[in-house]
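Colleague: Could we go through a few of the labels on this model together? I'd like to see how each one is reached.

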Amino acid sequence: MKYKQLGGTGLMVSEFCLGTMTFGGKNDPMSSVMGALDEQAAGQLVNKALEAGLNFFDTANVYGVGESEEILGRSLKGKRHEAVIATKVRFRMGPGPNQVGLSRGHIIQQAEESLKRLGTDYIDLYQIHAPDPLTDWEETLRALDDLVRSGKVRYIGCSNLQGWQMMKANGVSRQLGLHAFQTTQSYYSLAGRDVERDIIPVLQDQKMGLLVWSPLAGGFLSGKYTRDNQGGADDRRNKFDFPPVDREKGYVLIDVLQEIAKTRETSVARIALAWLLNQPAVTSVIVGAKRPDQLQDNLGASGIVLNEDELSRLDQVSRLQPEYPLWNPSVYIEDRYPIQK
């Protein structure tokens, strides 16, 4: 297992992170689609991850309506010193008008409740799960900064923000002398490379880390979906068609992934994950699983080094179409970095 710096911090995290959206929540409609694993099954995954060298675990207060955090905390009992725990705040946690969002009250209350559920006295990485259109950035960032200064949170990050929102938030933090976001957690896969337009350039400029969620595009790149086999009615992708995928373009991509996987005698999922591990902006890839063998297969991507031809083939079938003002980005740099002849 390889380890990378978490953003601009000195904290090292494994290149794979165990996502725990599959933990608990059997009575929650969304969680039941994801897996709703009981504590014994979840504990097996945590132990398997630790044995493989993973030290990074991601959850959220909303996963299983708190149950994911509880199960993760109990699964790591006695092993807390081995783990880097990331959790999130933003989405609704109750029926009241203030039990949602990024207000100071909701953030502080949910941080305290997450600490109790996780059975720990600090959170390594506390992330806002999405933007809040009603709360001013200064209020949100001051609340997060207070949590860091109190020792209850070590670092802060964001998730599902646009590039301009990350820049605005970091600008406010610098202006006020507050702790700034060290990471973003964003969707990135061979079937969805949107972050390359403006989010990754922001991360490179701000020295922030990228934590990738849904690296297999909600199972679309798992290897079981093709033009001729689109899965059964009970398959997760067919029950919850998310993230959105251009299926026609996606099947062309899957054809290439299958060819490369066959040549290397490995799985389609491993090739898709290996491509992400090869992207320099990526800090850690979050993988979820329902069974230890699924997790084991995904972690096998760590030892795959794709060659230039394979990377080129995958890039050609998955690359984004240029959008203004980046139709021809070289125009904006050639006069500053002239080609040496």
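Colleague: Is the crossing of α2 and α11 right-handed or left-handed?

Modeller: The crossing of α2 and α11 is right-handed. A crossing counts as right-handed if the near helix is turned clockwise from the far one by less than a right angle, and as left-handed if anticlockwise. Bear in mind that this is a predicted model, where local features need pLDDT of at least 70, side-chain atom pairs count only at pLDDT 80 or more, and totals for chains, interfaces and linings use all residues. Residues are numbered from 1 along each chain as its sequence is written, and side-chain values use heavy atoms, with hydrogens and water left out.

Colleague: Why are α2 and α11 called roughly parallel to each other?

Modeller: The axes of α2 (residues 39-51) and α11 (residues 292-299) cross at roughly 25 degrees and come within 9 Å. Angles under 35 degrees count as roughly parallel, so α2 and α11 are roughly parallel to each other.

Colleague: Which residues make the contact?

Modeller: Gln44, Leu45, Lys48 and Ala49 of α2 meet Pro292, Leu295 and Gln296 of α11; contact means heavy atoms within 4.5 Å. These divide into 4 nonpolar, 2 polar and 1 charged.

Colleague: What is the volume of the second largest pocket?

Modeller: About 530 Å³, taken as the space filled by probe spheres set on the grid points. Among its 29 lining residues, Tyr187, Gly192, Arg193, Asp194 and Val195 are the closest to the centre.

Colleague: Which helix gives the largest share of that lining?

Modeller: α9 does, with 3 residues.

Conventions: On a 1 Å grid over the protein atoms alone, a cavity is a set of points where a 1.4 Å probe fits but cannot get out, and a pocket is an open set with protein on both sides within 12 Å along at least five of seven lines; lining residues have an atom within 4 Å of a point. Helices (H or I, at least four residues) and strands (E, at least two) are DSSP runs, numbered from the N terminus. Axes are lines fitted to C-alpha atoms, for helices over the stretch in contact, and angles run from 0 to 180 degrees between N-to-C directions. Angles under 35 degrees count as roughly parallel, over 145 as roughly antiparallel, 65 to 115 as roughly perpendicular and the rest as oblique. Ala, Val, Leu, Ile, Met, Phe, Trp, Tyr, Cys and Pro count as nonpolar, Asp, Glu, Lys and Arg as charged, and the others, Gly among them, as polar.
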